[in-house]
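Here is a short tour for anyone meeting this structure for the first time. Take a look at the sequence and the model, then follow the points below.

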Amino acid sequence: MRTAKSTAMPPPKPIAELPITGYLDRFSHRPGETFQVRVSVRDGGQARARLVRVISGDPNPAGPGLRFEDLAHRLDLTFAGRRQPIRLGSHAVVPRAPRREAGPCTWTALVWLAAAPQAEATVICETDGDTVARLAIGRDGVTGIVTGAQNAVAVATGKAPALRRWHRLWLSADPGTGRVAVGCVPFEGGAASVATAVVQGLRVPSGGGRIAIAADGASPAGGHLTGKIEDPALLAGYRDAWAHPDATLATLAPELLAGWDFSRDIPTQRIVDVGPQACDGHLVNIPARAVVGARWSGAEMCWRHAPADYAAIHFHADDLGDCGWQTDFTFEVPADLPSGAYAFHLTCAAGEDWLPFYVLPPRGQARASVVFLASTFTYQAYANHARGNADAAYKARVAAWGAYPHNPDDYPIYGRSTYNKHPDGSGIAFSSRLRPILTMRPGFLTFNDARGSGLRHYPADTHLLAWLEAKDIAFDIVTDEDLHEEGADLLKPYRVVLTGSHPEYHTPQTLDALTAYTRDGGRMMYLGGNGFYWRIAVTQTLPGVMELRRAEGGIRAWAAEPGEYYHQTDGGYGGLWRRNRRPPQMLAGVGFSGQGLFEGTHYRLLPAARDPKHAWIFEGVEGETFGDYGLSGGGAAGFELDRADFTLGTPEGAAILARSEDPPSSFVTVPEELLSHIATVSGEKVDELKRAEIVLFGTPGGGAVFATGSITWCGSLWKDGAFDGPVSRIMENVLRRFAVA
């Protein structure tokens, strides 16, 4: 037993924030619609916002450079800047605690931890004015904090729960006798750890106050827990011990003042109280639901079939949903503003930032025959990806090039990406666009690329946009979030849809729309690699948020726990689209096959390229090889490579026109192609699968698909100081032919 008069932890170290930054209500709007712009100025003071059109986001002095069109005549305003805080950490809030007599009471929950808390972490906390009862885990083991005659008193077991095992934790207090007990017992049986004390002047909440789960009762909340919680409850009565740690809310019903059954309403942010007073609550910052609980049997892998097996919520101290900032200014898109890529350029005394966005054409209209489909779901999946590579050499290049100066490695306050992990090693399954996204900025460098610029995602896709502008090819822009919401009708006015360099993340709705578009006569140019790979879920009940479960195979930054492969938001099976029987080859003709470091190689023409049916594609291209240059890894076939596979859905009759060769030594075959270290699904040799292929095929409805099979393709549109060379020529040949009715 340990008691203490004070439970204060050392104050947290200040977390770095940008001088000025912000986010928008969404990534795109149409003319007549209004952007809501939320800005935080770290030090306060006057701020300025100007409108620019983004032409090129590559700061490499050997490339097209950072290029903007100044549209200050459309928007140029100053406003009073203010710091708007970010509150990391998921938790549950019950606004109204159950009312009862001020007698003995017990607070309890089942808890599972994968890592020991770095600071005192709250399991459940009830506050009623200046009276508090808090059950927590910290440096002194399981701790109960209660209100005594003079101040808060802590009673601690001195022993923390074992990791990766479920435990019943409880705090009991009897104000009549002053007795306090705190305990922990393994759910599956074993010795309990219990501490007791007598507290002078003990007071306990009597209801009507507030309850927090996985955070303390402060405002803003603190003391966040990273771990799973199941069956949190308040019981009438005092317990020195707990005989049945596996007791359910149903068996506890005679003593139940309030109990929250997390197996109910799993797709929502609501928690349901099954006690007599219906003290329901809500979740903050989107913790993970549809996770295996203490009673998971393994008989069902889908939470929809056995919700009682999934009666836990996985809370994380670094979860972040909607920042909830106030709007600082609005921008109604003018009727005559062309569809395109734009940004709000923000400045203050201490720095600057850019907030990119897209303007769509008016609904149902097209101002061009070509449309670029911005991969905003992929930008969001990688949002604030902390790679740990922002070393001195990286920062020296950023400074020398005048590139975007801020890297997520240095700013955890803005949340991490679905390529990062939580403090306990679990994967980050949710990404919100309602926060500053540093990786989605003109001039942001992902890599210190020895042979090129090192761009990915949003800035890399400006290679294509700048090329279109240089070639005087008119184009509109839509996003895949728009495509998810509006379906194939969004694309019908266009003859050609262009993807970016990495359209990796898709919903069933976006795949259905693209499939319908090409089936019914549309032409698509898939200009990237590792596309149409992961299935994600989005829902209107969580606007701006996407969910991802990295299930069963694929190249992954983390792996979903067994039994946790189904999305909580839509109930769909997560993981690779290939595991959902929709391989990328079915839509695009090619699918992910090899990956390496950010470097590239060339293509070699195959006999089909010289067939008169296809020779027009390579008109003006001399020699049998091309693409051994570029701003992305130094080669047109690089980083992540896609190939045709007729058994996986490459359409019959598809022509394989060119193939990469001599892959760099860093390249590997992707794991979903391997049965063992020497056997592959296709039967080909392991090393032979490390290739990109350029494919062309038609659809029965008169549509067509041209696929390049490489993430670095668009980086090779630039050659020797201009948008010129074989890759540019091939692109122009295909696009101009496709764009003709």
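Leaving aside neighbours within four places in sequence, R203 is in contact (heavy atoms within 4.5 Å) with D130, T131, T147 and G148. This is a predicted model, in which local features need pLDDT of at least 70, side-chain atom pairs count only at pLDDT 80 or more, and totals for chains, interfaces and linings use all residues. Residues are numbered from 1 along each chain as its sequence is written, and side-chain values use heavy atoms, leaving out hydrogens and water.

**Around R203**
- You will find R203 in the loop between β16 (193-198) and β17 (210-213); strands (E, at least two residues) and helices (H or I, at least four) are DSSP runs, numbered from the N terminus.
- The side chains of R203 and D130 make a polar contact of 3.3 Å. A polar contact is a pair of N or O atoms within 3.5 Å; within protein, one must be able to donate a hydrogen and the other to accept it, and residues adjacent in sequence count only if both atoms are side-chain atoms.
- R203 is partly exposed, because its relative accessibility is 34%; buried means under 20% relative accessible area, exposed over 50%, and partly exposed in between (1.4 Å probe, protein chains only).

**Around S426**
- S426 sits in the loop between α2 (392-401) and β28.
- With 18% relative accessibility, S426 counts as buried.
- Its side chain makes polar contacts with the side chains of H316 (3.2 Å) and D424 (2.6 Å).

**Around R456**
- R456 belongs to the loop between β28 (430-432) and α3 (457-470).
- The side chains of R456 and H502 are joined by a polar contact of 3.2 Å.

**Salt bridges**
- The whole structure has 45 salt bridges, each a side-chain nitrogen of Lys or Arg within 4 Å of a carboxyl oxygen of Asp or Glu.
- One of them joins D76 and R48, with the closest N and O atoms 2.8 Å apart. D76 is in strand β7 (residues 76-81) and R48 in strand β5 (residues 45-57), so the pair ties together parts 28 residues apart in sequence.
- E230 and R295 form another, at 2.7 Å between the closest N and O atoms. E230 is buried at 0% relative accessible area, whereas R295 is partly exposed at 24%.
- R441 and D353 meet in a salt bridge of 2.9 Å, N to O; R441 is buried at 3% relative accessibility, and D353 is buried at 0%.
- A network of salt bridges links R578, R643, D645, R659, E673, E684, R691 and E693.

**A sheet**
- Nine strands make an open sheet with mixed pairing, in the order β29-β27-β30-β32-β44-β43-β41-β38-β39; two strands pair if DSSP finds at least two bridges between them.
- β29 (476-479) and β39 (625-626) are at the edges with a single partner strand each, so one side of each has no neighbour in the sheet.
- β38 (residues 603-605) pairs with β39 in the antiparallel sense over two bridges, and Y603 stands opposite F626 in β39.
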